[in-house]
Every structure is written in structure tokens, then in C-alpha cells.
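Reader: Could you walk me through this model, one question at a time?

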Amino acid sequence: MAETTSTVVEPSRRDFLFIATGAAAAVGGATLVWPFIQSMTPDAATVAAGAPVEVDLTPIAEGQIVKVFWRGKLIFIRNRTAAEVKAAEDVNLASLRDPQPDSARVKPGHTQWLIVYGNCTHLGCVPLGHQGPYEGWFCPCHGSIFDTSGRVRGGPAPINLPIPPYTFTSDTKIVIGQEATA
Amino acid sequence: MSQHSTTYVPKSAFAKWFESRLPIAGLVHSSFIAFPVPRNLNYFWTFGAILAFMLVSQIVTGVFLAMYYTPNASLAFQSVEHIMRDVNYGWLLRYLHANGASMFFIAVYIHIFRGLYYGSYKAPREILWILGVVIYGLMMATAFMGYVLPWGQMSFWGATVITNILAAIPVVGDTIQSLLWGGYSVGNPTLNRFFSIHYLLPFMIVGVVILHIWALHVPGQNNPTGVPIKSGKDAVPFTPYATIKDIFATVVFMIFFAWFVFYIPNFLGHADNYVPANPAVTPTHIVPEWYFLPFYAILRAIPDKLGGVIAMFAAIAVLAFLPWLDTSKVRSTNYRPLYKQFFWILVADTLLLGWLGAKPPEGWYVVVSQIATAYYFIHFLVILPVLGFIERPLPLPNSILDSVMGVKGGAGLPSGAKAEPQAKG
Amino acid sequence: MRALGNNIMMKRTLLIAAALLGLSAPAIAAEETPVPPQLKWTFHGPFGTFDRAQLQRGFKIYREVCSSCHSLSYVAFRNLSQPGGPEFSEAQVKALAAEYKVQDGPNDAGDMFERPARPADHFPAPFPNENAAAAANGGKAPPDLSLMAKARTYERGFPWFIFDMFTQFAETGPDYVHAILTGYEEPPAGFQVPTGGHFNEYYPGHVIAMPKPLSDGQVEYPKDANGQPQAPETVEQYSRDVTAFLMWTAEPHLEARKRIGFQAILFLIVLSGLLYFTKKKIWARVGHSDLTTHQA
């Protein structure tokens, strides 16, 4: 750009050309990266396989925990006993690490059914049911403790076991992966 | 020591013709033949060559294993068993590769602690050291992804635990996790891309190793005194002196390697990895490979998830800042009586963290992990910077030759500005 | 899709899932699982080899007892005659394979059909798939046994694991398998064994789903010249024999590995000796053969 020394202050047509060329090349380069990044995200078949699943609750006896999979993720369906429901409800919320009333973790009218993701919120291990001081879950990996509402009560897990999107289509049927249309 | 000419002179007409077009023989000659090596290097300096050998060994065995391995979640475990049972010498290739990873880390840890002890990270070798930290990071990524490939229980759950660690990163964590998984959890796409990256990274390591050696050849090697080469008498040519010593050490290391491969090939592995991956069942006790254990202990010592992740990465990253954290003007710990003690405490602390990493995170193990983690960081962030100001180093020898000949240092004026101890009290 | 498949299975095995969760409950309560006794195995150490007769007896136990529930999927009939294993003759293997039926096909009509197995075939599994195996066995599929001797272990702890490196003690798996097979006992007073569970001294938590598989005199051993069984027909001996067999199925090239290892290490020692003296000779030119500088 030695030749343009006289017009340093004023952007010349040539400067504009350089900037435009550089910008166009940069945009093109960035665009080229996009499909490569996108190719690493879940593919169409995986997404399709992640469609909602229906679960029949009739065979689940009181007190049982059943494991189902949705989108390759483990989900616990727990038919809680009256005592377990009561224990989950009678908790001083202030004492919780991730305060959440039991009512916010179940569907109204279906309080006996607790449906939570089955991987510990610490590092994703599978907690063991009916264990630990709260008879909820106990994670064998790093000792996280969950109560009968799937809320973290001890150990390294930062938050409660999350609730997957689901909806009751009848009293004995749920669809996981589909939130009730409000 | 100048029986060898220091520059390469092409002898034949062809060599002359070739050299004028691609001066590679000259490069090799100056780097690996005439290159001056301090004459007082001990056997801890042979681990560079041992590491080069391990890298080549891993790449060669890996390429052959890849001829039979199938990176598919429903076939991976079976294909590894096929290698172990039906492929001719397949068991040998796999055990060499699996144990080779451990040998690579044993060698790299000795190499790193050698650098820590003799102050090899200090000016003018900062870039050399940082490149080494980069290689170490790439090695860890490669080893982690490689351990996932057999798709056993420990592979699957190790991958789950580590990728969940990344989810703790604010803002971009979930995106990174989803890009690694290629699905909604660890699954077939994850295995497939881990294989691709596991095959790629070793060649990136080769690239950085070339830079590492290049950066080494600018200032030359450090040595047990930390005093730089001052005259030809301090040095010997790389070939044959260093070459033969490196080869000898590498072969001795191979005996150690062979002991594991042939007699206790599963000693460093986990029994659970002979159980095919099952997303519905967690092994009772998820433990990473031994070489990750100190960092795993640090991760678990912090009760907060994000905090644990930060501490774990910081434990590795802090190494890169070492050249500026160590304020002492003396390189070699041989002349730093105070630091010498702290060095061995650090070694013990690291070993303790490694042991704790294999223990369940309960009771007093947690407390001890926290103390050991705190000490690890205190060593680098407090002790190392402060010690440089308060420590009174021993007198340095005038030259490498003096040290070799047993001439006690400090008789004359300490020469060599870089290595001069600061008289501070 | 997978979720749906699992879902169907779930419906069938609901009770079972709960039972399982219950079964693992004492794992935390009863921590003190005794350490399996260390046995003397013929395959231990640098010169360890399998005892052919023992492997053959062990195979008989697998065939007559274990195989009704446990698969051995990674092992093919042909493996039984390969060197370093039970070394049955090829004719024996051929005859043996023919006793099994395996599925093949589709044929020209497009149908799957059953045919006698050939030596190249793998052992057929007792159940068509894992869910069927689980459904038939109280909710927990009996694990495949091919790798069992390497897939189980117990913790050695510090400092024993360091000594193990030198003594080449690598038989925690076989010791554990043998201990489980011989560990069935009456539960101690006050120990509540859940339904579907069985008390086993060496199983972590002491409650194992597998019923006691072996009893004295259950399997007939080949007779020696005097008409006596080759080895005692006891649970103890059965357990040892079948464990040795499972060690072979887990590590079929163990003998070759140790043999080649000895040769390789011997060679490396000689080579390193030669290199050491070469190195010494070369460094002698510098005037100091020993240049270590650890004075301080």
C-alpha cells in the first residue's frame, strides 16, 4: 500500500475493494465451517428415534421403580407408596439444596407417580432405588442421596433429578417426551 | 569433542544435488548427529527418547488394530474380542496398545517431574515447556477416547462421566456435550466420532512433538547442574553419545513394558471393561485409568460441580504458567536445598491424590482429598513464587565440566548470568 | 425405537426390576464381604500353563451344568481343539459340535432353518436374546461366561497391588469365580434373604440371584485305569475345574502369551546387556564413563 501514502486519510476505492474481498472470504470461510459443525449434532434418524414414547402404568405395583428409556436416556417411573408421598411432601423446603415442593415434581391428581431422569445429576451414574437415608435413591458412584421426590439431599449432585417432559393421556397411561398442551 | 564435523558435508554427487534442493540430511545431521549435548546428563534425560519410541509404538499398534476394530456400538466389544481370540497375534497388538498407553504416561510423568526437578521450564525454555504441556493435554484426550473404544462398562460410564463434566461449563457446556455425543446421550455416534478423533490426535501429537524438539534445539538441553554449556568441553555430540544411551534406556524400558504386556496385561485395566457396555447399569465403582486419578481426586474434592471442573482443568493449566510462577534464578533443584524438600512433598502429594482418586468419595477420603488438592495449588501458586525470594541456593559449579570433574562450585565467581544465584537472605 | 422395545420388556419384567433393586439393597448395609481365598492355579506365573485334563473336566461341567442358563458366545467349537486349550482332538470337536443345533439361513426358499453345528460355529446361547434370558431367570439375565474370569475381581488394596506387579498375581478373577461357586451357605441368623435371592458368602452384599449351581457327585468325571474318577467329584473340585476352563475361555492365548513373553524378555535383557557395554565403550572416549552429578 506504499503507493497510496498520499491518500491515507481518505479511504480509497482500492481500500474498499480489499475490505470487501476480505469480508467476502471470511463470510465464505465461516459458512463452510457451518455444515461441518452441524454434522456433529444429532442426526435426523436419532432425532426421529427421540419421538415421544407411551408407557402403560397398570403393571407397576405400588412401591416399584421401573426403568424405561427415552432418547437413550434412562427414566425412572416410581409408583410411590402413601408413606413415600407423605415423606416427600413433608419437607422443609429451606433445608433443600435445590428447593422444589413435591407438588412441582408430579402431575396434579397423580401424586403417587414420580417420573424422573434416571441419571445422577452429578456425573450421570444410575442411582440405586429404595436406598440411602431417605429411601429414595442412592448413587453408588459418588454418594449422592435423593429422596422419594428425586430431590438431592446430600452428596455432590448439584440439582434434583430432572423431570422429563411427559403427560398423562389417561389415569394409567403416560406419554414421555410430550408436554401437556396447556 | 570434535571428532565429528559440526556441519553436514554431502559426499556424493547425488547427495550434493539432493541437499541443494531439500536440505533434510543437513537438518538431521545438525539435530541428531552433531547437536551438542551436555556431557553430564543422567538417565532421566533418556525419557524423551523413550517417549518418542512409545508414540511410534502406539501409532503402529493402533494402525494395525484399526484394521480389525469396528467403531459401532453393537459391534465394538465383539470386534475387540475377535482381535483377542482370532486375529493372529491380535492379543499381542491389543495388549501392547492398551498397556502402551500406561507406559506412555509412566514415561511422561517421569519426564515432567524431571523437568520440574531440574527447572527445565525456566528461561529460555518457556515455549518448549508449554509445548510439552500441550502434548500432555493431547495425550490425555487421546487416551480418554481410546479407552472408550472397546465399549465395555468402564468405557461407557467413563465417557458418560467425563462428557457430563463438560456440561458444567457455563453457556457453551451443553453445546459441547451435544457435539461430543451426537445424540441425546453417549451412544453409537459418540463412539464413532471418538474413534475418528482418537485416530487423528496422535498425528497432531507428532506435529507438536516436532515443534517441541525444534524448541529444544534452540537453547539446547538443560542438564543436572542447570548451568548452560559454555565451551565445547561441556558437551558431547548427540551421536554417538546420546544416541547409544537413549537406545540402551529405551530397551531397558521395553523390558518393563514387556513384563506388563506378557505377564500382567490386565493389571492396569479394569475388570468391568470386560463386561459389554450397558446404559441401564452403572458399575459400582467408576474409576478412570490410573493416569487420570490425581485429577479425578481434585475433581471430586470440590463439593461444587462447576468448581470441581474448574479445579481439575486448573490443575493441568497451572503447569503452563510454571516458568513465571517459579521466581528462583537457579534452575536445578540440586542447588536449592529448601525447594528440594517441597519438590518431594509435591511428588508425595500427587501420589496421594492418585491413591485417593481410586477410593470412594466418602468419609475421611474426601477431607484428605481436599487437603491434598489445596496443597497441590499452594505448591504452585504460593510456595514456588515465594521460595525464589527467601531461599539461599548452594553455590553453582562454574561449568558442566567442573561439575563432572568434581570441582566444587563457588570457589570462583559464579559465572553465567542466567544461572547466578541471587544472594538474598 | 429402543425405548419402545425396552418398554415392552418392562411390562413383562416389572416385578423383576423391583426385585432386583431390592436385591442390591444390602450392598451398602453389609460391607464386609470376605476376600476370596487365593488358590494355586497352574496358569499362574511366568511359566504357567493350563492343565489339559482340568480344562476338559471344566468344559464337561460347563456343558452339563452352566450351559443351561449361561451362554459362551465368544467361544467357537473349533477353539476346543486349538493349542493352549483343552486340546480335544479335531474329530472329538466335530462330533461334539454336531450334537448342537444352530440356526442358519435363509435358504433358497427364504426360510431360516436349523442344522447341526460345525466346528467353526460358536456355542449357541441357551436363550434367543437377553430379554428372554432375563424373563426365564427371575428378571436378571445370566451373564455370558466367555470373559467371566477377567470381568470379575476384588479389590487388592494398598500395598498388595504393588506386590502383585512383582509376583505376577493376576488371578483375582479366577479366585473370585471359584469363591462364588463354593460360597453358598446358610445365611447367618437375622440375615434377611429376599425372595429370589440366595445367600453367598463371597458375593458383594451376600445376596446373589443365581441358585447354588453345583453339588457333590453331580457331574461324572472320566475314570482312570483303576476305575476311579480322575479327580474328586466334589463341589470344591468342580469349582476349580470349571474356573480354570473359564480362565481359558477368557484368555485363550495365555500360554502363547507367557511363552513368547519369556522369550521376548530374555532377548531384551541380552540386548540391553550388549547395549550397556557398547554405551560404556563409547563413553569411555569422553574420559568419564559415569557422568552422574548427584553430589548434593
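Reader: Over residues 228-398 of chain B, how far apart are the end C-alpha atoms?

Author: Happy to start there. Helices (H or I, at least four residues) and strands (E, at least two) are DSSP runs numbered from the N terminus. By that count, residues 228-398 of chain B are 60% helix and 2% strand. The end C-alpha atoms of this stretch are separated by 10 Å.

Reader: Before we go on, what kind of model is this, and how is it numbered?

Author: Residues are numbered from 1 along each chain as its sequence is written, while chains are lettered from A and ligands numbered from 1 in the order in which they are written. Local features need pLDDT of at least 70 and side-chain atom pairs count only at pLDDT 80 or more, whereas totals for chains, interfaces and linings use all residues, since this model is predicted.

Reader: Which feature does UniProt place at residues 228-398 of chain B?

Author: UniProt positions are given in the numbering used here, with feature names shortened, and annotations may be inferred rather than shown by experiment. The entry is unreviewed, and for residues 228-398 of chain B it gives "domain: Cytochrome b/b6 C-terminal region profile".

Reader: Which element gives the largest share of the side of chain B that touches chain C?

Author: Two residues are in contact if their C-beta atoms, placed from the backbone, lie within 7 Å. On that basis 35 residues of chain B meet 37 residues of chain C. The elements of chain B giving two or more residues are α4 (76-85), α10 (238-263) and α16 (400-405). The largest share, 14 residues, comes from α10(B).

Reader: And which element gives the largest share of the side of chain B that touches chain A?

Author: Here 25 residues of chain B are in contact with 21 residues of chain A. Two or more residues each come from α7 (153-166), α8 (173-181) and α9 (188-217) of chain B. The largest share, 5 residues, belongs to α7(B).

Reader: At what angle do the axes of α4(B) and α5(B) cross?

Author: Axes are lines fitted to C-alpha atoms, for helices over the stretch in contact, and angles run from 0 to 180 degrees between N-to-C directions. The axes of α4(B) and α5 (residues 90-117) of chain B come within 5 Å and cross at roughly 115°.

Reader: Is Ile286(B) buried or exposed?

Author: Ile286(B) sits in the loop between α10 and α11 (293-301) of chain B. A residue is buried if 20 or more other C-beta atoms lie within 10 Å of its own, exposed if 12 or fewer, and partly exposed in between, with C-beta atoms placed from the backbone. Because Ile286(B) has 22 C-beta neighbours inside 10 Å, it counts as buried.
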